[in-house]
Amino acid sequence: MMENQPGTAPPTPSPIKVAIIEDQRNIRECLLFLVSGTEGFLCTGSYRSMEEALDKLPHAMPHVVLSDIGLPGISGIKGVRILKERYPDLVVLMLTVYSDDERIFDAICAGAVGYLLKKTPPARLLECLKEAAAGGAPMSPEVARRVIELFRDLRQSERADH
């Protein structure tokens with residue numbers, strides 16, 4: 001067995017265990033079908049709410065959680081914070097319709113490793129799950145651009161303060 005070199009990503013687990021947190025049944029079922037029907041992936045659970053996920057997740061721990069933001073009860077952002085407190089090594093990837101700066105920033109600050117829009121094509125979504133499981137930080141192109149602009153704006157305002 002080879003040791004990981006310092007600074008290298010851990011090997012990608014196989015199969016990649018994925019849990020889905022999505023309140024819209026049709027989207028949840030499509031995601032379940034996509035993940036379960038793809039070689040190299042295993043869905044450990046699909047949940048309608050963060051509360052349900054928090055209750056059942058410990059019984060079938062995934063490598064990656066794919067979570068919506070706009071959930072009934074505990075929001076996806078608040079849920080990420082709770083998940084990361086309980087399971088610091090758990091990888092959480094947001095999948096949402098929201099592309100506004102505040103939600104992107106809040107989700108990443110709460111502990112999400114990536115941020116995808118629901119219009120992400122299925123093949124790209126699977127690539128992003130692999131990327132996240134391997135230590136990456138996948139983002140939809142529009143979100144990556146917003147993050148870059150946010151950092152640029154932050155840096156410019158810091159320099160203006162000096």
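**Before starting**

The model is predicted, so local features rest on residues with pLDDT of at least 70 and side-chain atom pairs on pLDDT 80 or more, while totals for chains, interfaces and linings use all residues. Residues are numbered from 1 along each chain as its sequence is written, and side-chain values use heavy atoms, with hydrogens and water left out.

**Stop 1: the whole chain**

Display the complete protein as a cartoon. Its secondary structure comes to 6 helices and 5 strands; these are DSSP runs numbered from the N terminus, with at least four residues (H or I) for a helix and at least two (E) for a strand. Followed from the N terminus, the elements run β-α-β-α-β-α-β-α-β-α-α. The C-alpha atoms fill a box of roughly 50 × 45 × 30 Å along the principal axes.

The radius of gyration, taken over C-alpha atoms, can be set against a globule rule of 2.2 Å times the number of residues to the power 0.38. For 162 residues a compact globule would have a value near 15 Å, and the 16 Å of this protein agrees with that.

Next, colour the chain by accessibility. Of the 162 residues, 39% count as buried. Buried means under 20% relative accessible area, exposed means over 50%, and partly exposed lies in between (1.4 Å probe, protein chains only).

**Stop 2: the sheet**

Select the strands. They form an open sheet of 5 strands in the order β2-β1-β3-β4-β5, with parallel pairing. The edge strands, each pairing on one side only, are β2 (41–47) and β5 (114–117). From one strand to the next, the twist averages 25°. Two strands are said to pair if DSSP finds at least two bridges between them. Strands of a sheet pair through backbone hydrogen bonds, either parallel or antiparallel.

Select β1 (residues 16–21) together with β2: the two pair in the parallel sense over 6 bridges. Here Ile21 stands opposite Tyr47 of β2. Then move to β3 and β4, which pair in the parallel sense over 4 bridges; Ser67 has Met94 in β4 as its bridge partner.

The angle is taken between N-to-C directions on a scale from 0 to 180 degrees, with axes fitted to C-alpha atoms, for helices over the stretch in contact.

**Stop 3: strand β4**

How many of the residues of β4 are buried? The strand is mostly covered, with 6 of its 6 residues buried. Show the side chains: Val91, Leu93 and Leu95 point one way, whereas Val92, Met94 and Thr96 point the other way. In a regular strand the side chains alternate between the two faces of the sheet.

**Stop 4: the nonpolar cores**

A nonpolar core is a set of buried Ala, Val, Leu, Ile, Met, Phe, Trp, Tyr and Cys residues joined through side-chain atoms within 4.5 Å. The largest one has 25 residues, and those with the most contacts inside it are Ile21, Leu57, Val65, Leu83, Val92, Met94 and Tyr115. Helix α3 (76–86) is among the elements giving two or more residues to this core, and its 4 residues are the most that any gives. Apart from this core lies another, of 20 residues, among them Ile20, Val91, Leu116 and Ala132.

Centre the view on Tyr115. Its contacts (heavy atoms within 4.5 Å) include Met94, Arg103, Pro138 and Val143.

**Stop 5**

Select Ser49, in the loop between β2 and α2. Ser49 is buried, with a relative accessible area of 15%. A polar atom of its side chain lies 3.0 Å from the backbone nitrogen of Glu52.

Select Asp68 next, in the loop between β3 and α3. Is Asp68 buried or exposed? At 4% relative accessibility, Asp68 counts as buried. Its side chain joins that of Lys118 in a polar contact of 3.4 Å. Such a contact is a pair of N or O atoms within 3.5 Å; within protein, one must be able to donate a hydrogen and the other to accept it, and residues adjacent in sequence count only if both atoms are side-chain atoms.

Finish at Arg81 in helix α3, which is partly exposed at 39% relative accessible area. Arg81 touches Asp106 and Ala110. Arg81 and Cys109 are 28 residues apart in sequence, and their C-alpha atoms are 8.6 Å apart in space.

Conventions. Lists of a residue's contacts leave out its neighbours within four places in sequence.
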